[in-house]
Amino acid sequence: MPLTNPAAIIHQNLIKSMEKIQPSSVKPEKNGLLTPTRPASKSNDTNINNPINRVATYVDTLRKKREELKQNGT
């Protein structure tokens with residue numbers, strides 16, 4: 001059976017990518033004197049450049065803003 005509408009598969013892949021991004025995006029901010037000013041690894045930057053991760057970050061931001069608007073009643 002040929003695949004005529006790949007939207008369901010794409011949606012599942014997007015949700016999986018969002019789950020991967022979610023834990024890594026929550027980092028405690030360190031502002032101490034001895035805190036390094038640059039990130040320790042570049043692997044995080046390559047994940048951001050991946051198109052599916054960019055889209056997942058974008059969709060996650062939209063969902064958060066939508067929930068924020070729902071809670072404010074606006």
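**Figure 1. Contacts of Leu14 in the predicted model.** Leaving aside neighbours within four places in sequence, Leu14 is in contact with Ile52, Val55, Ala56 and Val59, where contact means heavy atoms within 4.5 Å. The structure is a predicted model, in which local features need pLDDT of at least 70, side-chain atom pairs count only at pLDDT 80 or more, and totals for chains, interfaces and linings use all residues. Residues are numbered from 1 along each chain as its sequence is written, and side-chain values use heavy atoms, with hydrogens and water left out.

**Figure 2. The largest nonpolar core.** This core has 5 residues in all, namely Leu14, Met18, Ile21, Ala56 and Val59. Helix H1 (7–25) and helix H3 (51–72) are the elements that give two or more residues to the core. H1 supplies the largest share, 3 residues. A nonpolar core is a set of buried Ala, Val, Leu, Ile, Met, Phe, Trp, Tyr and Cys residues joined through side-chain atoms within 4.5 Å. Buried means under 20% relative accessible area, exposed over 50%, and partly exposed in between (1.4 Å probe, protein chains only).

**Figure 3. The setting of Ser17 in helix H1.** Ser17 has its place in helix H1 and is buried, its relative accessible area being 9%. When neighbours within four places in sequence are left aside, the contacts of Ser17 are Ile52, Asn53 and Ala56.

**Figure 4. The chain and its surface.** The chain contains 3 helices and 0 strands, and its elements run α-α-α from the N terminus on. Helices (H or I, at least four residues) and strands (E, at least two) are DSSP runs, numbered from the N terminus. Of the 74 residues in the chain, 11% are buried. The accessible surface comes to about 6,900 Å², and 58% of this belongs to carbon and sulfur atoms. Accessible areas come from the Shrake-Rupley method with a 1.4 Å probe; for residues, only the protein chains shown count as cover.

Figure 5. H3 has 22 residues and reaches 32 Å from its first C-alpha to its last, close to the 32 Å expected at 1.5 Å a residue; the expected span is 1.5 Å times one less than the number of residues. The buried residues in H3 are Asn53, Ala56, Val59 and Asp60. Seen down the axis of H3, these buried residues fall within an arc of 125 degrees, so they line one face of the helix. The arc is that of the directions from the helix axis to the C-beta atoms. Exposed residues Tyr58 and Asn72 are carried on the face of H3 turned away from its buried side. Just after H3, Gly73 takes a positive phi of about 80 degrees.

Figure 6. The whole structure holds 2 salt bridges, each defined as a side-chain nitrogen of Lys or Arg within 4 Å of a carboxyl oxygen of Asp or Glu. In one, the side chains of Lys64 and Asp60 meet at 3.5 Å, N to O. Lys64 and Asp60 are 4 residues apart in helix H3, a separation of about one helical turn. Lys64 is partly exposed at 47% relative accessibility, whereas Asp60 is buried at 15%. In the other, Glu67 pairs with Lys70, their closest N and O atoms being 3.8 Å apart. Glu67 and Lys70 both lie in helix H3, 3 residues apart, about one turn of the helix. Glu67 is partly exposed, with a relative accessible area of 39%, and Lys70 is exposed at 56% relative accessibility.
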